[in-house]
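Hello,

Here is the structure you are taking over. Please look through it once, then read the notes below.

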Amino acid sequence: MNRRDFFERIGVIGLTPFLVSAAGTVSCGREEKFKGKGMNLRYEVKRIFLKHTWTISRGSSDYKDNVIVYLEKDRITGIGEAAPNTRYNETTESTIKVIEKAKELFKEIDPWKYYDAGMEIKNLCDGQTAAKAALDIALMDWIGKALEVPLFKMWGLDPHKTPITSFSIGIDTPEVVAQKTREDKHYPILKVKVGRENDEEIIRAVRSVTDKPIRVDANEGWKDKEIAIKKIEWLVKQGVEFIEQPMPAEMLEETKWLKERVEVPIIADEAVKTAADIPKLAEVYDGINIKLMKAGGLQEAHRMITLAKTLGMKVMMGCMIETSVGISAAAQLSPLIDYADLDGNLLIKNDPFTGVKVEKGKLILNDKPGIGVEKV
Ligand code: MG
């Protein structure tokens with residue numbers, strides 16, 4: 001019989017950590033709760049269905065197969081999510097492959113050394129950052145739960161400083177775009193996807209319904225800088241607040257040329273994945289759109305925010321089509337950012353989780369530990 005079993009049998013465990021201490025094991029009750037290394041890793045694929053067919057300049061979808069990760073240790077379960085994106089050579093299958101590979105790693109991981117653990121996750125393979133994000137989110141959720149604090153509190157952030165999130169409208173016919181805009185009356189800021197032939201029609205359809213601020217995401221859709229500048233000059237007259245990824249990520253010279261000539265901020269999305277991408281973008285873009293799925297998790301996203309701010313760049317946080325797991329995780333960092341586009345969970349019909357809420361567009365963090373998420 002080990003010492004813990006002995007104290008449990010005689011009914012003193014939990015009664016007084018001092019007794020345990022006096023017996024020479026550990027010095028406090030909390031430490032007694034957490035023992036050794038190793039976490040059990042399991043996962044499940046969740047098919048999430050969109051309320052409307054989701055179209056951006058790259059293609060359309062009606063559902064997504066995301067992977068939910070569970071990390072268990074000492075009767076605490078950390079939850080994470082991977083939303084794989086074909087833009088970054090990720091599929092549900094490639095994500096599962098990385099998570100399977102990580103099982104070995106997690107057998108030896110000490111979650112309290114979460115910085116080192118995060119680095120090991122980052123080094124599991126090249127790319128596949130959605131899988132890495134799921135692992136890092138679950139790890140940080142576990143830490144928050146073990147410490148019994150929300151992550152925003154662990155990072156010293158004021159939950160009242162969360163921004164208003166925009167609500168996204170995918171590419172569609174002008175009639176459907178106008179209809180969606182009417183339905184989205186509860187959201188004070190809209191993000192409109194453009195980047196195809198009918199951009200002007202789409203924006204006119206939105207403006208026929210509302211004069212609220214709009215942000216525009218071209219998803220690399222404009223391939224020529226002269227066309228791009230004409231589009232942007234027209235969009236500025238329509239009251240657009242900023243333009244996200246107007247041109248393909250690799251067209252740095254052309255994008256810098258645009259930035260120097262237009263009045264609204266140009267934000268990088270596809271051009272930036274991790275902190276290592278930021279320095280070369282500081283002169284090309286006014287800001288960056290950080291997504292946990294591109295960054296590979298919360299720890300890297302935190303580093304990216306710090307670096308971008310140091311370089312004087314605006315910081316936006318965005319998302320893929322995600323459940324409340326991915327969105328609530330990102331929301332933990334949102335008191336630090338300028339713009340939020342954390343609406344992935346609002347676009348789906350069957351969110352299996354509940355976490356961060358949105359009231360009149362503002363992200364409302366709860367005081368539950370970790371990422372603040374529960375199963376529905
Ligand atoms: Mg984008």
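**Findings**

Arg75 is exposed, with a relative accessible area of 86%. The loop that holds Arg75 runs between strand S2 (59-73) and strand S3 (76-82). Although Arg75 is not a glycine, its phi is positive, about 65 degrees. For background, most residues other than glycine have a negative phi.

Please keep in mind that this is a predicted model. The pLDDT averages 91 over the chain, and 91% of the residues score at least 70. Residues 3-28 have a pLDDT below 50, and in the model this stretch makes 23 contacts beyond near neighbours in sequence.

**The antiparallel sheet**

Strands S2 and S3 belong to an open sheet of 3 strands, ordered S1-S2-S3, with antiparallel pairing. Strand S1 (40-56) and S3 each have a single partner strand, so they stand at the edges and one side of each is left without a neighbour in the sheet. From one strand to the next, the twist averages 20 degrees. S2 and S3 run antiparallel and are joined by 7 bridges. Glu72 has Thr77 in S3 as its bridge partner.

**The parallel sheet**

An open sheet of 8 strands pairs in parallel, in the order S4-S5-S6-S7-S8-S9-S10-S11. Its edges are strand S4 (167-169) and strand S11 (339-340); each has a single partner strand, so one side of each is left without a neighbour in the sheet. Within this order, strand S8 (residues 266-268) and strand S9 (residues 287-290) run parallel and are joined by 2 bridges. Ile267 stands opposite Gly287 in S9. Helix H9 (residues 199-207) lies across strand S5 (190-193) and S6, and runs at about 155 degrees to S5.

**The metal site**

Which residues donate to the magnesium ion? The protein donors are Asp217 (OD), Glu244 (OE) and Asp269 (OD), at 2.1 to 2.2 Å from the ion. Their spacing along the sequence is D-x26-E-x24-D. Asp217 is in strand S6 (residues 214-217) and Glu244 is in strand S7 (residues 240-244), so to speak of the pair is to speak of a link between distant parts of the chain, 27 residues apart. Asp217 and Glu244 are both buried.

**Around helix H8**

Asp172 is found in the loop between S4 and helix H8 (174-183). Is Asp172 buried, exposed or partly exposed? Its relative accessibility is 24%, so Asp172 counts as partly exposed. Leaving aside neighbours within four places in sequence, the contacts of Asp172 are Val177, Lys180, Asn198 and Ile202. Asp172 and Thr53 are 119 residues apart in sequence, while their C-alpha atoms are 8.9 Å apart in space.

Thr181 lies in helix H8 itself. With a relative accessibility of 2%, Thr181 counts as buried. Not counting residues up to four places away in sequence, Thr181 touches Ile169, Leu190, Val206, Val209 and Thr210.

**Helix H6**

Helix H6 (residues 129-147) has 19 residues. From its first C-alpha to its last, H6 reaches 26 Å, close to the 27 Å expected at 1.5 Å a residue. How many of the residues of H6 are buried? The helix is mostly covered, with 18 of its 19 residues buried. Glu148 follows H6 and has a positive phi, near 65 degrees.

**A further positive phi**

Lys360 is in the loop between strand S13 (357-359) and strand S14 (362-364). Phi of Lys360 is positive, near 50 degrees, in a residue other than glycine. Lys360 counts as exposed, at 73% relative accessibility.

**For a first look**

- The magnesium ion, with its protein donors Asp217, Glu244 and Asp269.
- The loop between strand S2 and strand S3, where Arg75 lies.
- Helix H6, which is mostly covered.
- Residues 3-28, where the pLDDT is below 50.

Regards

Methods: Residues numbered from 1 in each chain as written. Predicted model: local features only at pLDDT ≥ 70, side-chain atom pairs only at ≥ 80, totals over all residues. Heavy atoms only, no water. Donors = N, O, S within 2.8 Å, 3.2 Å for Na, K, Ca; no water. Helix = DSSP H or I, 4+ residues; strand = E, 2+ residues; numbered from the N terminus. Buried < 20%, exposed > 50% of the residue type's maximum accessible area, 1.4 Å probe, protein only. pLDDT = per-residue confidence, 0-100. Contact = heavy atoms within 4.5 Å. Expected span 1.5 Å × (residues − 1). Pairing = 2+ DSSP bridges. Axes fitted to C-alpha atoms, helices over the stretch in contact; angles between N-to-C directions.
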